[in-house]
Amino acid sequence: MGLEIENVSKSYGSNLVLDAVDLDVQPGEFVALLGPSGSGKTTLLRIIAGLQFAEGGRLVMEGEDITGLEARLRRFGMVFQSYALFEHMSVADNTAFGLKMRPRGSRPSRSGIGERVKTLLDMAEIGHLAERYPSQLSGGQRQRVALARALAIEPRLLLLDEPFSALDTKIRKGLRSALRDLQRKVGISAILVTHDQEEAFEIADRIAVMSEGRIEQFGTAEELLRTPASPFVAEFLEGMANYENQGAGI
Amino acid sequence: MGGDAVPFPGRRALVTIIELPFSISPIVAGLCYLLVYGSTGLVGGFLDQWNIQLMFNLTGIVLVSLFVTCPFVARELIPLMEISGRDQEEAALTLGANGWQTFFYVTLPNIRWALLYGAILANARVIGEFGAVSVVSGNIRGETMTLPLQVQLLYDDYNVAGAFAAATILAVIAVITLILRAVIESRHPNVH
Ligand SMILES: Nc1ncnc2c1ncn2[C@@H]1O[C@H](COP(=O)(O)OP(=O)(O)OP(=O)(O)O)[C@@H](O)[C@H]1O
Ligand SMILES: [Mg+2]
C-alpha cells in the first residue's frame, strides 16, 4: 500500500528527464529525493502531484491507479519552494482555502473550518499570525503557513519541494525538526525534494539518490553509506560518513 | 517554478494578433469588420440568413471597440501574469480547487488592479474612438451615435456651439480618466 511509482518516464523534446523511475512510499514513511541540480527531482515530484504527466509508467496510491488523475482530485498536499501563498488572503484564509473549495456536501461548517484552521496554525506555532498577510511574514513563517495550508485538506501524502532552501541555516534546522514532528503526529507519508545531503539524512526514513533522471539507489541512510550502489552514490555522499559516525539522525 | 514557463506554440502569433490594433489605423480595422461581418461579408452573409445583423447597430460598435481596445488591457495583464507565474494557481489545484474556483479566488484577485487600470485606459480610448466606429456605426441619428460621431455631426450641421459642448463633455471624461489613473498609480505603484 502507500504510493507506488512504476517505470515512470518523462522527456522534454529529446531530453530524457526521467528514465524508468521506480519508487515506493510506505504509509507514514518519510522519503527524501536527493540529487544534484537538474537530476529530475522537481519533475518527479510534480508528476506525483498531478501537475505534470509522465509519458510512460504508472502511479498507484493505496491500490488505486492515479496515473491520469487530476491534481485537485489526488488530495496530495504540496509545499512549493516559492511558498506560493495567496498574497491577497490572510494566513487564516490561506489555511482555510482547501476546505472552503470543497463541494457543499463534504465541506465542513464555517465554525468547523475555523476550528480546524486554529488547530493547524497552533500546531505549526503560528496561531498568533492568523490575521496577518503573507507580505507581513518572514520566510520561516511563510513556510509554516504553506505547511499548515497543505495539511488542512487532510492529504493522503505530503509533497515538499526544497521547502527550506530560501532560509538561513539556523531557522532551517528548527523547521526541519518541526516538520518531522508534525509529520509523525499527523501520521502522513511525505516526500521531500532536496539537494542537501544533511537535510535528507536527518529527516528521512529512506533516501532516493537521483542522477540524470534515474534513481541510483533507494534505501536508508545506513544502507547508502555502507553499500553504495554506484560510484556516483559513493562520491555524492562523500563527507556524510562523518555524519554517521557522530550517530546523528540514524 | 521556472521549468514550466515555456511559451506555448503560437504564443507569438496570438500576441501579434492582440496587438494588431496598435499598428493599423482604426479606420482600416473598421473596414475589415465591415468586410467580414457586413451582410455581404464572409461571416455576415452567413449570419444574414439567420436574420442576425452585426453591423450598423450597437453590436457592431461594441465589437469593433473591443477589438481596438483589448490590447490596452492585454498590455497591462500579460507582463503581470508572466511575473507572478503559475505557482499560486498550481497551489490552488493541489488544494482541490477546480478551474473556475482557481480563476475567481486566486487569479482574478491577483490581477484586479491591473485589470482596472487596463479597463480605464481602454475606456478612455473607446470614448474618443472615431475611425473604426464611424465605419461600422452607419451614423444613424439618435440610434448608433457615439460622442465623437455626434461632434462631427453637429459640426457638419453648422451647429458649432453644440459641437463644442459635446467636445467639452469628452474633455471632462478624459480628465476624470486621468485622475482615476493617477489614483490607481499612486496606490498601487507595482501595477504599472
Ligand atoms: N518545462 C521544461 N522544459 C524543458 N526542460 C525542462 C522543463 N522542466 C525541466 N526541464 C529539464 O529537466 C531536467 C530536470 O529538471 P528538474 O527541475 O526536475 O531538476 P531538479 O532535480 O529539480 O533540479 P534543481 O535541484 O535545480 O531544482 C533539467 O535538465 C531541466 O532543464
Ligand atoms: Mg527542483
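Visitor: In strand 5 of chain A, which residue is the bridge partner of A:V60?

Guide: Please keep in mind that this is a predicted model. The bridge partner of A:V60 in strand 5 of chain A is A:D65.

Visitor: How many bridges join strand 4 of chain A to strand 5 of chain A, and do the strands run parallel or antiparallel?

Guide: Strand 4 of chain A and strand 5 (residues 64-65) of chain A are joined by 2 bridges and run antiparallel. They form a hairpin with 2 residues between the strands, where A:E62 adopts a positive phi near 45°.

Visitor: In what order do the strands of this sheet of chain A lie?

Guide: The order is 2-1-4-5, in an open sheet of 4 strands with antiparallel pairing. Strand 2 (15-25) and strand 5 of chain A are the edge strands, each pairing on one side only. Within the sheet, 5 bridges link strand 1 of chain A to strand 4 of chain A in the antiparallel sense, and A:I5 has A:L59 of strand 4 as its bridge partner. As a general idea, side chains in a regular strand alternate between the two faces of the sheet.

Visitor: Which helix lies across strand 1, strand 2 and strand 4 of chain A?

Guide: That is helix 1 of chain A, which runs at about 120° to strand 1 of chain A.

Visitor: Why does the salt bridge between A:E6 and A:R58 tie together parts that are apart in sequence?

Guide: The closest N and O atoms of A:E6 and A:R58 are 3.2 Å apart. A:E6 belongs to strand 1 (residues 3-12) of chain A and A:R58 to strand 4 (residues 56-61) of chain A, so the pair connects parts separated by 52 residues in sequence. Over all chains, the structure holds 24 salt bridges.

Visitor: What is the strand order of the sheet with mixed pairing in chain A?

Guide: This open sheet of chain A has 6 strands in the order 6-7-8-3-9-10. Strand 6 (76-79) and strand 10 (214-219) of chain A each have a single partner strand, so one side of each lacks a neighbour in the sheet. On average, neighbouring strands of this sheet are turned by 15° against each other, direction ignored. Strand 6 of chain A runs parallel to strand 7 (residues 157-161) of chain A, with 4 bridges between them; A:V79 is found opposite A:L160 of strand 7. Helix 6 (residues 169-186) of chain A lies across strand 3 (30-34), strand 7 and strand 8 (189-194) of chain A, at about 140° to strand 3.

Visitor: How many residues does each chain give to the contact between chain A and chain B?

Guide: Chain A gives 24 residues and chain B gives 20 residues. Between them the chains bury about 1800 Å², of which 64% is on carbon and sulfur atoms. On the side of chain A, the most area is lost by A:R72, A:H88 and A:M101, together 32% of what that side buries.

Visitor: Which side chains meet in a salt bridge between chain A and chain B?

Guide: The side chains of B:E90 and A:R46 meet at 2.8 Å, N to O. Helix 1 (41-49), helix 2 (71-74), strand 6, helix 3 (91-100) and helix 5 (139-152) of chain A each contribute at least two residues to the side that touches chain B. By class, that side of chain A has 14 nonpolar, 5 polar and 5 charged residues.

Key: Residues are numbered from 1 along each chain as its sequence is written. Chains are lettered from A and ligands numbered from 1 in the order in which they are written. This is a predicted model: local features need pLDDT of at least 70, side-chain atom pairs count only at pLDDT 80 or more; totals for chains, interfaces and linings use all residues. Side-chain values use heavy atoms; hydrogens and water are left out. Two strands pair if DSSP finds at least two bridges between them. Axes are lines fitted to C-alpha atoms, for helices over the stretch in contact, and angles run from 0 to 180 degrees between N-to-C directions. Contact means heavy atoms within 4.5 Å. Buried area is the accessible area (1.4 Å probe) that two parts lose on being put together, summed over both. A salt bridge is a side-chain nitrogen of Lys or Arg within 4 Å of a carboxyl oxygen of Asp or Glu. Ala, Val, Leu, Ile, Met, Phe, Trp, Tyr, Cys and Pro count as nonpolar, Asp, Glu, Lys and Arg as charged, and the others, Gly among them, as polar.
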